[in-house]
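Please consult the sequence and model below alongside the text.

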Amino acid sequence: GNYLPSFNGANGKVYQWVAPINNVPQGQYEPATFLVAPKKQQVVTVSTEYTINAKTILKTDAAFSNYDVNTFSSKDKSDNIGYAAKFALFRMDKLQRKLQLSSMIGYEWVDEKFRPLERLRSVEFARDWGLNLLPAVATEHLPKASIELRDAQNNALQYTVDGYLRSDDYKGVKQTLQHNHSIHGFQLRTLLSLVNSNTPFDKGYYFRPTVEISKLLPKLKNYTIGSSYALEHNEQRNKITDTVTPLSFAFETIAAFVKSNQQKSNRWSFTYFTRSNRLPYQKSLVETDRSHNYNLSAELLKNARHQFRFNITYRQLLVRNATLTNLTPDNSLLGRAEYAINELNGFITGNVLYELGAGQEQKRDFSYIEVPAGRGEYAWNDYNNDGIPQLNEFEIALFQDQAKYIRVFTPTNVFVKSNYNQFNYSISLSPRALGNRIHNKRIRDFAARFNLQSTMQTGKKVLAGGNPEFNPFKGNISDTSLISLTNILNNTVSFNRFSSSWGMDVSNLRNYNKALLTYGFESHEQNDWAIRARTNINKQYTIELVQKLGSSNLLTPKFANRNYELETNSTEPKLTYTYQTRYRLQASYLYAVKKNAMEYGGEKATNKAFNFEGKLNAVNNTSLLAKFTYSNIDYVGTTNTTVSYIMLDGLLPGKNLLWNIELTKRLGKSLEVSFNYEGRKPAETRTINIGRASLRALL
């Protein structure tokens, strides 16, 4: 192509033309799109099963398809109809010594014009026959026969022969021998497969032996030891040059393992295996790399109060021939540990998860797509008044009618090698569960008033540097190596939580995330403290006080206009009146001050808001909810920016009015209808009115 992706901040992809060199295009894309014609696909199948006698069953399938690649066109319709059919004859005989003999003979035919609705073959079908992943369409003939001998102990020996004939002159014969045998505590499993294939240009074979032997040791606490061997050798040679074709490959795996008694609650296992890979080079398959892998897993579940699961794998990769592979020598570690606790009758409950690993991380583009109002998550604010949506003009919508966009991530074909780790925990302390374990009644009653909940989620991905990433709390990572970083910590201490008279909660939320996007890094940090106190004067009146202190900042080096560092301080007293279940009235006053750091603009917003809310539960399953807010905002700074949208909560400096009325009525036992009217008048601008209606089925 003659175009390359160019980032200029516009929403959606932009491409830039690059000049060819010596008439050779230097880009990757062209300004073209494929036309998609309307298609029609029909399939009719008929299946039968006929029991000839108690030992013999005949099964048949027949089908035809009608596939029109372009219903607008009347040309070339002769290849629309295709046919397929198969039959299988099964027979089962009982021999002496409780032996059972099973046999099968079958045949399958598929016309090259036949088009199934779903995959006709198994995922590994083409690979099993030494073909390309997506072989060309051809007429296929597949004869098959098998015979199996099985005894009462499930010892079995089965031999199968398959044929595969294609109209492109591919001919293949596959022989499979499967053997399972138990003797004196030894368990032997064998699977041998050999495919001989021939085409007009190539000839080769595909050999796949798999052998596993294990031994149960009753005298050693029912431990199990065993080993296995697996080989896949696919060698296809060109008949003229006698060279190995690029389709050829080979790999070999040798493993040994030991397991504890898997029937017990506490169990473990250790496995070692080595794998070598071979790739084609001239007239032979050459070893390119070898890996040594060690796996240890354990489950300690006997103690119901403390349960632990553990799994770790270490791999050492050695490169034998760097000219045939782009792999590099590497040591990688994959691990996962889980711990759950429920101690002292529920006084302490929680769980911990730690995970680390390595893999390939896919780079992603993203864009904002417009959807019907209210169905999205983001709002577009044209800050520069150019009428063109740009990536730095989208914010999380604060009102439902502004939520007209969703953010869609698009995967690319660019991958980077990465290391990652994750650490999560959730813990709860409830002294109330101790009961009479505390003998002093005063201390016991005082401790029972407390409740503590703490949760943390951390996740980090960095570019692989040759060593595992162990520390989930390491934050001083250079931008060039960081892919993503997330850290969420939430702590809440409650006093008198279960009291109907009064209570208080203190909570702290810390949230930090940093991600590598198409336009560079974007990091967001939030730290909020909240104190909530309540008291019930009687059963009808409740007084609440909510005090919040917080800070938040956004840093996007590519878009300086989005950066901010806010400090927030708010106080909100509330008074609630409740009369049985008939109605509830609530009034509150909010005083909030938000300040932006001087280096990012120094904006300041002071919000004084009166809130009124009432809910009436009438007869006949009808409820009416009404809300009204008067918000007077003093603002110093520039409007129509990212920081002003956040500081003003989507409103404007001056007097703002917001109201909402919702009527809900139950129709019978399973239907509920709702009517909602919502409006707002931001300062001196026009009034915005929104009406909604919904019908819900309650199942």
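Leaving aside residues up to four places away in sequence, Val643 touches Tyr564, Leu566, Asn596 and Glu603, where contact means heavy atoms within 4.5 Å. The model is predicted: local features need pLDDT of at least 70, side-chain atom pairs count only at pLDDT 80 or more, and totals for chains, interfaces and linings use all residues. Residues are numbered from 1 along each chain as its sequence is written, and side-chain values use heavy atoms, without hydrogens and water.

Val643 belongs to the largest nonpolar core, which has 12 residues, including Phe399, Leu554 and Leu658. Such a core is a set of buried Ala, Val, Leu, Ile, Met, Phe, Trp, Tyr and Cys residues joined through side-chain atoms within 4.5 Å; buried means under 20% relative accessible area, exposed over 50%, and partly exposed in between (1.4 Å probe, protein chains only). Another core, of 11 residues, lies apart from it and includes Phe125 and Tyr170.

## Aromatic pairs

There are 23 aromatic pairs, defined for rings of Phe, Tyr and Trp (its six-membered ring) with centres within 6.5 Å; planes under 30 degrees apart are stacked, over 60 edge-to-face, and the rest tilted. Phe308 and Phe310 are stacked because their ring centres are 6.2 Å apart and their planes lie at 15 degrees. Phe308 is partly exposed at 28% relative accessibility, and Phe310 is partly exposed at 26%.

Phe446 and Phe495 form a tilted pair, with 5.8 Å between centres and 55 degrees between planes. Phe446 is partly exposed at 48%, whereas Phe495 is buried at 15%.
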